[in-house]
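Subject: Structure handover

Hello,

Here is the structure I said I would pass on. Please open it alongside this email and follow the residues as they come up.

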Amino acid sequence: MRIVACVMLVDPDGQLLLQLRDSDATHHPNVWGLPGGHGEPGETPEQTAERELWEETGLRADGPLRPVAVQQLPELGRVKHYFLGSTRARQEDVVLGEGAAMLFVPGAEVLDGRPWTPGTVEVLTEFLASPEYAALATGRVAGPVQPAGGRQSA
């Protein structure tokens, strides 16, 4: 199974950073996803998440990335690791390093019917309904997200 790491990066207004994959993407072109990608030999999922976030956006989270969920996608031969981070960065700080677009999107608009990479909608649906997201969006601190449905917490 190939390791994939994704980052849910939340700004001070509760907006989530999303990537529109370009038409040249090897996997899942022209759909939305989170900043992230495949691990390199010897990398941990967290190292992959940090590297991919930097390469694709020019951003780093304001603190350590926190593992949120692990999602098995055997039909794709992948295991997706989801990490959570917060940032004080704004849209003008984003450097598009990969994809067609990289945008901070208000939480209420994230699941507005756009096409997504496999598995992402399930994790985002849970995260956006969580007390942790509500706390991040309002600047408060909350406990960890409790994933459900076939995913396991990381």
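Below is what was found, taken region by region.

The model is predicted, not determined by experiment. The UniProt record, an unreviewed entry, places a feature named "domain: Nudix hydrolase" at residues 1-128. That span is 20% helix and 32% strand, and its end C-alpha atoms lie 28 Å apart.

Strands

Eight of the nine residues of strand 6 are buried, so the strand is mostly covered. Strand 1 runs parallel to strand 6, and nine bridges join the two. Along that pairing, L9 stands opposite G85 of strand 6. Strand 5 (residues 66-73) pairs with strand 6 (residues 78-86) in the antiparallel sense, over seven bridges.

From A69 to H81 the C-alpha distance is 6.0 Å, although the two are 12 residues apart in sequence.

Helices

Which residues of helix 3 are buried? In helix 3 (residues 120-128) they are T120, V123, L124, F127 and L128. These residues lie on the same side of helix 3, because they cover an arc of only 120 degrees around the axis. The general rule behind such a pattern is that an α-helix has 3.6 residues a turn, so residues three or four places apart point the same way. The buried residues of helix 3 pack against several elements: strand 1 (2-10), strand 2 (16-20), strand 5, strand 6, helix 2 (107-110) and helix 4 (131-138).

Helix 4 can be read in a similar manner. Its buried residues include E132, Y133 and A135. They are on the same side of helix 4, because the arc they cover around the axis is only 160 degrees. P131 and T138, on the other side of helix 4, are exposed. The cover over the buried residues of helix 4 includes strand 1, strand 5, strand 6, helix 2 and helix 3. After helix 4 comes G139, which has a positive phi near 80 degrees.

Aromatic rings and charges

How many aromatic pairs does a search of the whole structure find? The search finds one. The pair is F127 with Y133, edge-to-face, with 5.4 Å centre to centre and 65 degrees between the planes. Both F127 and Y133 are buried. F127 is among the buried residues of helix 3, and Y133 is among those of helix 4.

There are also two places where an arginine sits over a tryptophan ring. The charged end of R60 is over the ring of W54, 4.2 Å from the ring centre. The charged end of R114 is over the ring of W32, at 4.6 Å from the ring centre.

Loops

Two loop residues are left to mention. N30 is in the loop between strand 2 and strand 3 (32-33). N30 has a positive phi of about 60 degrees although it is not a glycine. For context, most residues other than glycine have a negative phi. N30 counts as partly exposed because its relative accessibility is 46%.

A89 is in the loop between strand 6 and strand 7 (101-105). Is A89 buried or exposed? A89 counts as buried, because its relative accessibility is 10% and the cut-off for buried is under 20%. Leaving aside residues up to four places away in sequence, A89 touches D11, P12, L59 and F104. A89 and V10 are 79 residues apart in sequence, and their C-alpha atoms are 9.2 Å apart in space.

Regards

Conventions:
Residues are numbered from 1 along each chain as its sequence is written. This is a predicted model: local features need pLDDT of at least 70, side-chain atom pairs count only at pLDDT 80 or more; totals for chains, interfaces and linings use all residues. Side-chain values use heavy atoms; hydrogens and water are left out. UniProt positions are given in the numbering used here, feature names are shortened, and annotations may be inferred rather than shown by experiment. Helices (H or I, at least four residues) and strands (E, at least two) are DSSP runs, numbered from the N terminus. Rings of Phe, Tyr and Trp (its six-membered ring) pair if their centres lie within 6.5 Å; planes under 30 degrees apart count as stacked, over 60 as edge-to-face and the rest as tilted. Buried means under 20% relative accessible area, exposed over 50%, partly exposed in between (1.4 Å probe, protein chains only). A charge sits over a ring if NZ of Lys or CZ of Arg is within 6 Å of the ring centre and within 35 degrees of the ring normal. Two strands pair if DSSP finds at least two bridges between them. The arc is that of the directions from the helix axis to the C-beta atoms. Contact means heavy atoms within 4.5 Å.
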